[in-house]
2 protein chains.
Amino acid sequence: MDVYINLDFESNEPIYTQLMHQIIAGIAKKELKPGDALPSVRSLAADIGINLHTVNKAYQQLKQEGFILIHRQKGVVINPDGVPQADDQYMNNLTSTLHPIIAESICRGLSKEQVLQLTGELYENFTKKEGGDK
Amino acid sequence: MDVYINLDFESNEPIYTQLMHQIIAGIAKKELKPGDALPSVRSLAADIGINLHTVNKAYQQLKQEGFILIHRQKGVVINPDGVPQADDQYMNNLTSTLHPIIAESICRGLSKEQVLQLTGELYENFTKKEGGDK
DNA sequence: CAACTGTTATACTATGTATATAACAGATAT
DNA sequence: ATATCTGTTATATACATAGTATAACAGTTG
């Protein structure tokens with residue numbers, strides 16, 4: 001039931017960010033559902049061979065963004081109420097994030113249709129049932 | 001004819017990255033066309049009140065990615081042959097970049113149509129004629 | 001010759017990433 | 001109660017990146 005974490009230590013993307021992204025991807029794929037427990041900072045850190053504080057940093061940020069709840073001495077769980085829905089601030093951030101990405105795609109000759117198709121395919125890859133774990 | 005540079009020194013996005021993005025956006029909007037000259041590292045740095053090396057860093061990276069050419073003692077110009085078209089490596093990078101963004105948008109309850117509409121609007125805002133300069 | 005180009009080198013500060021220990025406080029199981 | 005688990009906090013260190021500050025070099029152009 002655990003989410004499989006695959007870190008690329010050669011990447012220039014920080015480890016704690018990779019961790020966040022994989023947990024968020026797990027939620028998007030419904031592999032992680034509201035109320036599901038996540039490993040403790042220590043056990044997860046030991047599992048994937050990184051420092052406790054690196055995991056904690058990812059958890060703290062996921063908590064601040066509403067993806068997870070941290071019960072002081074209970075543990076870490078996916079937000080039982082679900083992830084907070086998009087608000088104006090999120091939409092503004094999303095727009096700012098996409099802006100330069102789309103600018104470059106235009107420079108490199110991608111058509112609007114190509115961009116939309118890639119985006120749509122990525123979206124659907126999250127919502128597809130991928131076999132499941134046996 | 002110059003591209004207007006607006007830097008946010010409070011942003012956590014590095015200055016040299018902001019600079020790159022705005023130049024790329026200028027190319028996407030056709031405000032900057034193949035062969036157009038860009039300011040020298042010193043004059044641009046002086047104009048926007050940053051260090052010469054910060055501009056140089058942006059220029060070097062834009063050069064490496066094929067957006068501009070740097071003639072040793074002539075100056076900096078938008079690539080006269082146009083920006084290199086999308087190849088496999090670029091498409092892989094684009095996919096990796098979009099992946100976590102779309103994952104979060106799903107978590108936050110955006111429908112596929114909402115994501116595609118926002119993406120499409122952003123795309124078209126680059127290709128629209130925006131009045132021009134007077 | 002003077003003034004401009006990009007380039008290179010060095011040095012310094014500040015910040016972010018990641019690690020390594022250590023300890024604290026509350027909950028829980030034995 | 002004791003041991004063990006939880007998240008949390010506090011230091012300290014190492015390293016890389018971002019940004020600035022000077023300075024100098026080499027070629028071009030006026």
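1. A residue is taken to be near a strand if one of its heavy atoms lies within 4 Å of it. On that basis 22 residues surround DNA strand C, the closest being I15(A), H53(A), T54(A), H53(B) and Q60(B); of the atoms of DNA strand C that come within 4 Å of the protein, sugar and phosphate account for 60%.

2. As to conventions, this is a predicted model in which local features need pLDDT of at least 70 and side-chain atom pairs count only at pLDDT 80 or more, whereas totals for chains, interfaces and linings use all residues. Residues are numbered from 1 along each chain as its sequence is written, chains are lettered from A and ligands numbered from 1 in the order in which they are written, and side-chain values use heavy atoms, with hydrogens and water left out.

3. The surface near DNA strand C divides into seven nonpolar, nine polar and six charged residues (Ala, Val, Leu, Ile, Met, Phe, Trp, Tyr, Cys and Pro count as nonpolar, Asp, Glu, Lys and Arg as charged, and the others, Gly among them, as polar). Its largest share, four residues, comes from α3(B), helices being DSSP runs of H or I with at least four residues, numbered from the N terminus.

4. Phosphate oxygens of DNA strand C are approached from both chains: a backbone N or O atom of I15(A) lies 2.4 Å from one, a polar side-chain atom of Q60(B) lies 2.5 Å from one, and an N or O atom in the side chain of S40(B) is 3.0 Å from one.

5. Chain B can be laid on chain A with an RMSD of 0.0 Å by a turn of 180° and a shift of 0.0 Å along the axis, the superposition being by least squares on the C-alpha atoms of residues with pLDDT of at least 70 in both. The two copies are thus related as by a two-fold rotation axis, and in chain B the C-alpha nearest that axis, 3.0 Å from it, belongs to L116(B).

6. Between the chains, 41 residues of chain B are in contact with 41 residues of chain A (heavy atoms within 4.5 Å). Together they bury about 4,200 Å², 77% of it on carbon and sulfur atoms, where buried area is the accessible area (1.4 Å probe) lost on being put together, summed over both parts.

7. Two salt bridges are counted between chain B and chain A (a side-chain nitrogen of Lys or Arg within 4 Å of a carboxyl oxygen of Asp or Glu). E124(A) forms a salt bridge with K112(B), with the closest N and O atoms 2.6 Å apart.

How values were computed:
Buried area is the accessible area (1.4 Å probe) that two parts lose on being put together, summed over both. A polar contact is a pair of N or O atoms within 3.5 Å; within protein, one must be able to donate a hydrogen and the other to accept it, and residues adjacent in sequence count only if both atoms are side-chain atoms. Helices (H or I, at least four residues) and strands (E, at least two) are DSSP runs, numbered from the N terminus.
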